[in-house]
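I opened this entry to look up the charged side-chain pairs. My notes follow in the order in which I checked them.

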Amino acid sequence: MKIRWILTALALAGAVWAAGAGGKIRFEEISEKAGVKVMHHTRKFSGDHGDVLGMFTSGGAAVAVGDYNNDGHDDMFVTNSDVGKPNYLFRNNGDGTFTDVAEPAGVTGGNDPDSIVADALWFDYDNDGWVDLMLVRFGTPVLFHNEGNGKFKDVTAQTGFNVFGNSIAAIAFDYDNDGRLDVMLGHYFKPVDLIKLPTPHVLPNDLDNAVNGGGVGLWRNLGGGRFEDVTEKAGFKDHTGWTLDIGHSDFDNDGWQDIYLACDYGTDRIYFNNGDGTFSDLTKTSIGFDTKKGMNVDIGDYDNDGLQDVYVTNITDEYMKECNMLWHNNGDRTFTDLSKETGTCPTLWGWAAKFGDFDNDGWQDLFVVNGLRSAGKDNYIPVLVNMITTPGIDFTDVRVWPKIGDMTWSGFQKKKLFRNLGHQGVFKEMSAEAGVDNDLDGRGIGMADFDNDGMLDLYQTNADQKALLYRGLADGAGNWVQLKLVGSGKSNRDAIGAKAAIEAGGLTMIREVNGGNGYAGQSTLRLHWGVGTATKLPPVEIRWPSGKVEKHPVAVNEITYIEEGKGIVPAWHRRKK
């Protein structure tokens with residue numbers, strides 16, 4: 001039987017709410033003093049057209065947030081991409097600083113001569129209570145098992161993941177509700193060796209409707225440390241687009257996780273879960289076909305109506321005027337793009353974007369990073385347009401693309417932060433006021449409350465530039481609630497796919513645990529709510545991935561741990577195997 005939540009947002013003008021009280025959104029950049037201001041390096045290719053290949057693979061500055069040592073403080077894994085360059089594992093010291101422990105943990109590698117690290121993902125694939133780590137690569141992925149003692153073991157070969165693919169994105173989710181986390185990989189290029197390049201025909205065959213991309217790969221967790229490729233069986237074989245990001249959510253509240261794919265050089269795709277191990281492609285009737293350059297999939301209920309909405313970044317620069325897409329969920333498996341109406345349409349050359357309640361007023365705001373390549377004073381776009389408009393050009397051939405050299409391509413772009421104005425149904429851009437309007441070439445966003453003070457923080461990765469860490473400041477912000485959900489029995493241990501609802505100030509607000517939504521940036525597995533001026537709340541209602549529904553008391557301005565079937569449990573502190 002389907003479990004349907006009828007969750008309505010009564011955003012009344014008379015409601016006593018922090019949004020009406022005028023709380024501010026402000027951040028302080030602390031990457032250097034926190035010890036996480038590290039440089040990312042894109043892969044450098046040799047040959048006459050190496051800089052073109054370098055641009056097509058320059059998206060690999062990524063961050064993945066996860067509490068790998070179970071001490072109650074979120075840590076970060078940060079990628080590098082050039083050959084021989086080490087990745088970083090930043091252990092959160094709990095005092096506002098981090099220590100890079102990648103080398104003793106055994107996870108610095110991945111950028112070998114034949115592979116390029118492009119993304120990373122934390123997920124507990126064996127349900128032992130310790131999050132494991134996957135490196136997503138142009139090449140074969142790498143899966144590290146968390147040994148629970150600060151060290152990781154490469155288990156790729158025995159899990160079955162040692163299959164070549166040019167992957168740039170990954171999510172972990174339990175698509176068949178068997179209690180084990182499955183993995184979907186987003187492939188950008190087809191599985192061709194980009195380093196040795198056996199053919200120059202590796203780029204998109206069309207700039208608006210390309211069909212020669214890598215598609216996706218769905219891997220079912222069989223248990224016992226083994227995974228099986230079920231891409232064809234599940235209904236994804238026919239997708240041949242240039243996948244840049246993947247998002248998952250239960251869009252129709254039927255208890256099964258659905259999929260949204262953001263695709264470069266052509267239409268995005270949306271698949272609904274049939275509940276029998278297969279998915280149906282409902283793109284035509286759900287969102288319609290587009291010719292944009294989809295970059296990011298983040299999912300959140302921005303209008304508090306109980307349905308999960310989708311934010312996709314595209315490209316809006318002096319040549320392409322695409323506009324982003326804020327897909328409002330209509331509740332009937334259809335979505336309406338309200339980006340123009342809400343004021344979230346233009347973010348220049350968009351990359352990652354994250355929903356988060358940055359002022360704790362009960363309405364989720366939106367942070368977006370942008371910028372492709374900031375370099376010399378000459379502009380690459382006129383040169384590129386000249387090539388694109390030449391009749392008979394074979395876009396797949398890397399040799400026909402003009403050299404980039406030191407030219408700038410949609411660079412030096414200011415970041416965008418949109419404050420949700422609540423019942424007004426619109427957002428206000430305020431990145432300068434909030435202190436986040438840097439002009440670096442942003443890629444990924446890792447969002448978490450790193451210092452456990454109730455304010456969301458943001459880690460921004462940048463291609464060929466140093467990363468930034470923005471600490472959220474209170475400045476009149478509202479009260480808050482955070483939950484760490486722990487699945488047991490028929491639910492996966494990470495509780496990915498669990499939905500929780502909190503009522504406060506006349507609003508019913510849902511949050512869903514996700515396994516890696518958002519381009520090049522996995523955020524915390526904790527759920528965060530701003531609750532405005534509320535100091536006491538009704539019990540939170542949780543629908544676990546198993547389908548079980550529970551209600552538990554929840555404390556304001558505290559982090560509460562809830563385990564399925566057990567209720568509130570003590571916080572984890574230095575758990576040992």
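This is a predicted model: local features need pLDDT of at least 70, side-chain atom pairs count only at pLDDT 80 or more; totals for chains, interfaces and linings use all residues.

Residues are numbered from 1 along each chain as its sequence is written, and side-chain values use heavy atoms, with hydrogens and water left out.

For burial I used relative accessible area (buried under 20%, exposed over 50%, partly exposed in between; 1.4 Å probe, protein chains only). Helices (H or I, at least four residues) and strands (E, at least two) are DSSP runs, numbered from the N terminus.

I looked up Glu563 and Arg493, which form a salt bridge with their closest N and O atoms 3.4 Å apart. This pair links distant parts of the chain, 70 residues apart, with Glu563 in strand β36 (residues 559-563) and Arg493 in the loop between β29 (479-486) and β30 (499-504). Glu563 counts as buried at 10% relative accessibility, and Arg493 is buried at 18%.

I then checked Lys33, whose side chain meets that of Glu28 in a salt bridge (3.2 Å, N to O). Here Lys33 counts as exposed because its relative accessibility is 58%, whereas Glu28 is partly exposed at 31%.

Last, I recorded a network of salt bridges that links Asp176, Asp178, Arg180 and Arg220.

Terms used. A salt bridge is a side-chain nitrogen of Lys or Arg within 4 Å of a carboxyl oxygen of Asp or Glu.
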